[in-house]
Each structure stands twice: as structure tokens, then as C-alpha cells.
Amino acid sequence: MSAQKTAVSARKTTQLKHLITRPELSFLMEAHNGLSAKVAEEAGFEGIWGSGLSISAALGTRDNNEASWTQVLEVVEFMADATRIPILLDGDTGYGNFNSMRRLVRKLEQRGCAGVCIEDKIFPKTNSFIRGNAQPLADIAEFAGKIRAGKEAQVDCDFVIVARVEAFIAGWGLEEALKRAEAYRLAGADAILMHSALRSPTEILAFKKEWGDRLPVVIVPTKYYSTPTDVFRDAGFATVIWANHLMRSSLTAMQKTAKQIHGDLSLLNVESEVVSVAEVFRIQGEAELEQAEKLYLPKHGMTTRAVVLAASRGVELGELTKDKPKAMVNIKDQPILAHIANSYRECGVKDITVVRGYKKEAFTLTGLAYVDNDAFENTQEVASLAKAKAALSGQTIVSYGDVLFKKYIVQELIESSEDFVVCVDANWRESRNRGRTADFVVCSEPNSKRAFLSTVQLVDFVTDGDRGDVTGEWMGFLKVSLKGAEVLSALLTRLEAEDAVRFNAMKMPDLLRHVMKEGHSVRVLYTTGHWLDVDSVDDVIIGANF
Ligand code: SPV
Ligand code: MG
């Protein structure tokens, strides 16, 4: 079910009543738990038969009321929760006398079950196909009282009570079947289920001929399965129940799979024979939960991904990057990229996509997703980011493969709620003094106690660090929210389509300028230090103490 409100459809009780009373033949498919109920619904069935045989079998018990009625109720509740179509529960004999029946009806209504079928046998019952002839039938007046009690107990006027006649099963013949059906009709039953264990439909056809249309008639052709459905349709039956076929087919599959795995001690021969776990997640409704998490979880509880741009060589490191890109140069016995990945992981960011380019075969770290910018020699950062567009599908932090950082920087980005957020180092003068090329920025206000309390916005990028209006240095981090990721993704597509040559020359500051030009504000988080842009051999040495 979607997290959004959906239109209220007819009550399940009303739906079931309609299925049983409409002129057109209807079909109920058996289910015995939430999963099989969903399977029945997805196949297109309009209603479910909560089979006593299948539910007891699935619970590993016999169809002799070994499972208590409240245990059955639990199963039915899962089935009702999992589906929108109505359930007619096989309520056996009503699990006791008229009083048990009253309570059963009320509880079924409370649990979202649309109707119940009770059979005129004695508690504890036995399945109709096991020594049917030897089965005693209930006293007609006692059973009629049970039906009346059930009908008077129901709160919802459309709750359906079906009276099941076992006269043919017990070998009593047509006259007894008609007498019982009539008594149950007079007691208020909504329909008659006429059961038969013959291989042909003779008994139920004979009954229907005599009975006419006094009440709708439901049938269960488990034994006379070879009868064409049109025979039932032409005879004017109301509903056909396919009573146990999901349980039986799953048993076939489970027996085969268990035997195969036990024999092989390997999964190789079964994997292609069973549904994927992805299919299991689909039917469980995992996608809805993902959507709901986006709607209801606070932002910091949201999964954040990272995209690390690491396509360039880093010529400024000379010999160090002859055989490997800068991101794979070691600092403290580990590649720079390993330090970056560890810092991200410590902040709970596990889904990390790295854009490779120069010497891509040198990226030997595992646990990272790689995408390639094979045109790295003729393109810039934005073209690399475009290669990772698929990763821009939720809150994402984009950063560089040569920037080391303390984890609080990432934590602050994760906790920020704005759609576009950048980190700016207010100690920018240090960079300027070291003569590095840096992305200096002008922000809506300089770092100060007041800035801490207000929301500072990015105004522009400049290359001249001596300009009077410079307030810091961009550290290469951009966080985009779910919405920001969508905007960025669309912008990348559009810019590339508009002018590929210009696009290929674009750096991240150019992209951020476009973001601002489109009317989106970019929030600035000030920090002071605690990051290192490795762009010289000296930095590699400094990094050892970072
Ligand atoms: C059931 O499905 O549990 C039924 C139908 O009651 S039958 O098994 O044919 O009795
Ligand atoms: Mg049954």
C-alpha cells in the first residue's frame, strides 16, 4: 500500500457479498498465509478461500482442529493485512457451539475477514476426503441455531456466512442435502456450499437442479477437477473454490528443492529454478518502505551515498603518479582513497562510487563501486561526475579523490537539510600564502559567531585569493539532498546536451554556478582546517601527520 492515501474502495465484506450473489460465476483461490494470499491477489483473483486444510498443513498440523481457532485467526489477520481482496474463511464447524460461533464472527470482523463458512459436522472435524462416509453430521436444529447466532452477532451487515452441507460427503444423499440446505437458508445463511467427494459433478448438479436459485451455491471441485468450468457456469453456480492448489504446488516445489539441495550439497542446480530474493523483496513491498522512509525518517537517518572524483593523474606529484593515479598514492601505508573511504564509512556512508580515469587498473580497493571516465585526458570534473549520474539517486556527497578530511565534516554535511551544501574553510589565507591554486569563494557573510547562527549562502567562486570580498576556500565537498540530486542530475544531462565541448571543460565551481543561476541557493558550512588537498609532494608528507 502506498504511503499516500488511496481512494477508499468497497468494504471487503461488500466485495465478498457481491462475488457470491452476482449472476456471473466467481472464483476464490485458496491461501494459507500472507504470502500465498498476495500471490492469489497478484494472479488476479477477486477473493480468497482461507482453507482449513491448507492453513493446518502450513502450520504442520492435521486438518482436525489441532491448531486452535485463535491461531487460525492470527493467520487470517496476516492474510487480510497483506491483501485488498476479501477472504472467506473456512471456519470448519465454527470451533464449538453457537456461542463460539458468535465470538468467531465478531473476531473475524475485527481482523478484516469478510466472511466465514461453517460445515454441519461435529467438533473436532475431519477433512471431508478422509473416511467421509464415517463422519457424523451435526443435528440440523443445532447447526441452524449456530448460523442464526452468527448472523445476529455480525456488526457489518455485509459480513457473509456460508453454510456448508456435508450430506453427500457422509453418504446421506440428495434428499438430506436439500433438507439441510433449506433449514440453513431459513436460519439466515447467505449461501450454501454443497460439497462432494465424487470424481464427477453428478451430486452437485443434481442438487442445483432441485435447489434452483433459492440461495447462491458454492462448490469445491477438488475431486471432480476434470469438469469443464462452463458446466458450473451453465448450471448457475455462484462461486467455485480452488481449495488447496497453492499449498499443494508449493509443497511440490519445496520437496523437489529440499531433495535436490540435500543430494547435491550445493545450490547450483536450484538457483535458476527458484525466484530471486529481489522478487521476494518486491512481493513483500520493500519499495513502499523505501519511499516511506524518504517521507518520514529525519534526514540524518537517511542513507547518504558518496561520489569520489578520482579520474585525473595528479601530474604535480611527478614520479609518484607515473603508474597510478593520485588517489592511489600511499599516505601512511594506505592509498589516499582508502583513507577517504574509511572516513566516509565511519560516518555511515557505505555506498561509495569512485570515478576512475587515469590508470584505472591501479584501483585495487574493494568494497567501492567504480565507474569510468575513459575520456579523462580531454575532460574535466563535471564530465566525470556525469559518469556517476546513476549514483545521484538520493542524498549524496560529491568530493575529490585527493582530499583527506576529518569525519566531522562529512557528519555535518549529512545532518544539513538544504538541497545544496558546500564546505568552506575560513582559514583560506593559509592556502593563499602557500601559493596553491584554490577555489576561493565569496559568501553572503564571513565566518563569525553570527554566521554560526545564520544560514550563510554561497555567492561566487573566484581564483584571486587576494580579493577583498573572499571569505574562504571551497574544500571540494558538495552535498545534495534527494531533491538536489534530482536537480543536479537533470542539469548534467541538459548541460551536456546543450554544448558538449563546454561541458567537457567544466569544473565543479562552474556547475555550482549553474545551480545558483537556476535559482537554487547553496548553503555554506564554515570550518577551519581539518582537511588536506593533496596536490604536491609536500602535501604527501604533511598527510602522514594528518
Ligand atoms: C478446505 O479447503 O479446508 C476445505 C475443502 O474445507 S476440503 O478440503 O475439500 O474439505
Ligand atoms: Mg476445510
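Q: Which residues are around ligand 1?
A: In this predicted model, the residues around ligand 1 are W49, S51, G52, L53, D90, N127, S128, F129, R164, H195 and A243, each with a heavy atom within 4 Å of the ligand.

Q: How does that shell split by class?
A: There are 4 nonpolar, 5 polar and 2 charged residues. Ala, Val, Leu, Ile, Met, Phe, Trp, Tyr, Cys and Pro count as nonpolar, Asp, Glu, Lys and Arg as charged, and the others, Gly among them, as polar.

Q: What about W49, what does its side chain do?
A: One of its polar side-chain atoms lies 3.0 Å from an oxygen atom of ligand 1, a polar contact (a pair of N or O atoms within 3.5 Å). N127 also has a polar side-chain atom 3.0 Å from a ligand 1 oxygen. With G52, a backbone N or O atom lies 3.1 Å from an oxygen of the ligand.

Q: And how much of ligand 1 does the protein cover?
A: 100% of the 280 Å² of accessible area that ligand 1 has on its own, by the Shrake-Rupley method with a 1.4 Å probe.

Q: Switching topic: how many aromatic pairs are there?
A: The structure holds 12, counting Phe, Tyr and Trp rings (the six-membered one for Trp) with centres within 6.5 Å.

Q: How do F207 and W211 pair up?
A: They're stacked, 5.4 Å centre to centre with 20 degrees between the planes; stacked means planes under 30 degrees apart.

How values were computed: Residues numbered from 1 in each chain as written. Chains lettered and ligands numbered in written order. Predicted model: local features only at pLDDT ≥ 70, side-chain atom pairs only at ≥ 80, totals over all residues. Heavy atoms only, no water. Polar contact = N/O pair within 3.5 Å; in protein donor to acceptor, adjacent residues only side chain to side chain. Phe/Tyr/Trp six-rings, centres within 6.5 Å; stacked < 30°, edge-to-face > 60°.
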